[in-house]
Amino acid sequence: MVDVADKLAYFQAITGLEDPDLCTEILQAHGWDLELAISSFTSSNQTSASTTTPDSGTRDSLNRTESASGSGLVAAPSPGLAWKLVTLPISVISGSLGLISRAVGLGLWAAGGVLSYSLGMIGVGSGRGGESSARLVSVSATASEAIDFVATFEREYGTRRPNFVGEGFMDALQRSRNAFKLLFVYLHSPDHPDSPVFCERTLCSEVVVAFLNENFVAWGGSIRASEGFKMSNSLKASRFPFCAMVMPATNQRIALLQQVEGPRSPEEILTILQRVLEESAPVLVAARLDAEERRNNMRLREEQDAAYRAALEADQARERQRREEQERLEREAAEAERKRKEEEEARERAEREAAEKEAARARMRQEKALSLGGEPEKGPNVSQVLVRFPTGERKERRFHSTATIQSLYDYVDSLGCLEVEDYSLVSNFPRVAYGPEKRSLTLKEAGLHPQASLFVELN
């Protein structure tokens, strides 16, 4: 996939715009879709571009060398400063109105190609089984043209052919860059009398096919189609069959290494391909090494960044753990302090309540002891009462026979021998419980005169 920097570089190379900020804004406006941005830009500049002519550098870079033994080949010197650089200006790459008006026949072919493509997009037109339904898959216009070219070429010349990629020229160029290979470009003129023979005997020969597929990325296009016509203008193809060997340059341009015009034998094509490949080998090797170095540096940076992030995360985790541990200890200390205060307050409250209760009981005992009066002397109207407590303790006192059962309860309460207030006085033989309903009876009425033995039964 073409990254942002490469898309920006190619967009500048194709459109000729030098302002990177402006190019970035245009690409961002089109969602970084290179094909869509180029199409939109070139369509909006068609009128002005039709009057634009290539600069002197471009004319010089594409100027053919007539002295190359009359073969129509452009002399391909050793790689480096003498390579031809194609800037692909707007007036050329966009297939401007000026060029179309000067190419009468080619204009009709381009219109026919566009019509054929449009019919193919809606499923109308000749195609092998499944092609019309496969066209429903969303692909770019240039990729669709490339797929159509490959299908047509294979139908006419067989399956032994160069592995033409089914994508647009810019994507094919990027593919060659990623693979560190040269890009072999074939522009097909369907109506040229030399095209069938060249394709059958040369381009599809076993040795040429094997060499191309092994060492090149191949891209082909028909000059009847939009992009093929644009590339014929860009590369100034004047004779057909037309082949070219190109590669991405480092200065945002496309390096034209060699072009071949007119029919050639398999031996001639193979010789040219081998020579171009040998001359370009140092550049490709340097590019590969440079890419590997960048990848190694990037991997090293990523590993360093990963190690730094891991160390940072470990430090943050330790700091977070230390902070959480500190917060936990603080919470536990605060909770312990809260519980201590609550327990202390509860103890103080219990002590205070116990003291108050004890004081109340003491006052009650004192009041009840006062209400009983003094113990009477023995006499016929005096009852002797024995009270036994659950603890085994025994208390004995004399009461007037006219004293009530309540006086016995008051006596027991005044002693302070019980911790509870809910109890009953009971006699054993016979068993009689002197509950609240009998407390108003006198000792004589209750049968407790002249003497009685009672025990305390806790309720």
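User: Which residue stands opposite glutamine 384 in β7?

Analyst: Strands are DSSP runs of E with at least two residues, and helices are runs of H or I with at least four, both numbered from the N terminus; two strands pair if DSSP finds at least two bridges between them. In this structure, arginine 398 of β7 faces glutamine 384. Strands β6 (residues 382-388) and β7 (residues 394-400) run antiparallel and are joined by 7 bridges. This is a predicted model, in which local features need pLDDT of at least 70, side-chain atom pairs count only at pLDDT 80 or more, and totals for chains, interfaces and linings use all residues. Residues are numbered from 1 along each chain as its sequence is written, and side-chain values use heavy atoms, with hydrogens and water left out.

User: How many aromatic pairs are there?

Analyst: Rings of Phe, Tyr and Trp (its six-membered ring) pair if their centres lie within 6.5 Å; planes under 30 degrees apart count as stacked, over 60 as edge-to-face and the rest as tilted. The count comes to 11 aromatic pairs. Phenylalanine 169 and tryptophan 219 are edge-to-face, because their planes stand at 80° with the ring centres 5.5 Å apart. Phenylalanine 169 belongs to helix α11 (residues 169-179) and tryptophan 219 to strand β3 (residues 216-222), so this pair ties together parts 50 residues apart in sequence.

User: Is phenylalanine 169 buried or exposed?

Analyst: Buried means under 20% relative accessible area, exposed over 50%, and partly exposed in between (1.4 Å probe, protein chains only). Phenylalanine 169 counts as buried, at 2% relative accessibility.
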